[in-house]
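Dear colleague,

Please find below the structure that I am handing over to you. My findings follow directly after it.

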Amino acid sequence: MPVPTNSPSVAWLTQESYNRLKAELEHLSGPGRTEIVARIEQARSEGDLKENGGYHAAKEEQGKAEARIRQLTELLNNAHVGEAPEDNGIVEPGMLVEAKIAGDKESFLLGSREVAGDTDINVYSERSPLGAAIQGHKAGDKVTYTAPNGKDITVEILSAKPYAG
């Protein structure tokens, strides 16, 4: 049975990631909102809004902040918070996976970009074609999945270890 595309996905988060994102949400929805509203009011008091660059910039910033608040709220409300998955070599969210993808060796985190924070590690969602194909497999397994461009891609899983970021 297909999963509805509008259903929220459950993301695995470390307690540290959850706390960091919760603090960001609290700032954005509290002091962050107040700061943006003050900038909008300041720019509004400067006169004609049609040609007021400061006003338009502040309104754009407000839109981005509100979108981030919605994103964080949904993520945190639907997150599975806890320790990294068991170190059993099976690919699942929260695992750092090393694999040969179409012959090229690559390392990446399976899960949410938010878990990786400011690191430069590649992240693939468990709902992506690659993530869905390798989930539940272990080192030595070879799987093939169809990429969005229609090509079949072979993946050989080399290892899967809990992410300790």
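**Overall form**

Buried residues account for 32% of the 165 residues in the protein. Please note that this is a predicted model.

The protein contains four helices and seven strands, and from the N terminus on these elements run β-α-α-β-β-β-α-β-α-β-β. The radius of gyration is 21 Å, well over the 15 Å that the globule rule gives for 165 residues, so the protein is more spread out than a compact globule. Along the principal axes, the C-alpha atoms fill a box of roughly 65 × 35 × 35 Å. Of the contacts between residues at least 6 apart in sequence, 56% join residues at least 24 apart. The accessible surface comes to about 10000 Å², and carbon and sulfur atoms contribute 50% of that area.

**Charges and salt bridges**

There are 18 positive and 26 negative side chains, with the centres of the two sets 3 Å apart.

In helix H1 (residues 15-44), Arg-44 and Glu-41 lie three residues apart, about one turn of the helix; their side chains form a salt bridge at 3.0 Å, N to O. Arg-44 is partly exposed at 36% relative accessibility, and Glu-41 is partly exposed at 43%.

Helix H2 (residues 53-77) holds Lys-64 and Glu-60, four residues apart, which meet in a salt bridge at 3.4 Å, N to O. Here Lys-64 is exposed, at 56%, whereas Glu-60 is partly exposed, at 49%.

Lys-138 pairs with Asp-141 in a salt bridge, their closest N and O atoms being 3.9 Å apart. Lys-138 is partly exposed, with a relative accessible area of 44%.

Yours sincerely

Notes: Residues numbered from 1 in each chain as written. Predicted model: local features only at pLDDT ≥ 70, side-chain atom pairs only at ≥ 80, totals over all residues. Heavy atoms only, no water. Helix = DSSP H or I, 4+ residues; strand = E, 2+ residues; numbered from the N terminus. Rg over C-alpha atoms; globule rule 2.2 N^0.38 Å. Buried < 20%, exposed > 50% of the residue type's maximum accessible area, 1.4 Å probe, protein only. Contact = heavy atoms within 4.5 Å. Areas by Shrake-Rupley, 256 points an atom, 1.4 Å probe, with all protein chains shown as cover. Lys, Arg positive; Asp, Glu negative; His and termini not counted. Charge placed at Lys NZ, Arg CZ, Asp CG, Glu CD. Salt bridge = Lys/Arg side-chain N within 4 Å of Asp/Glu carboxyl O.
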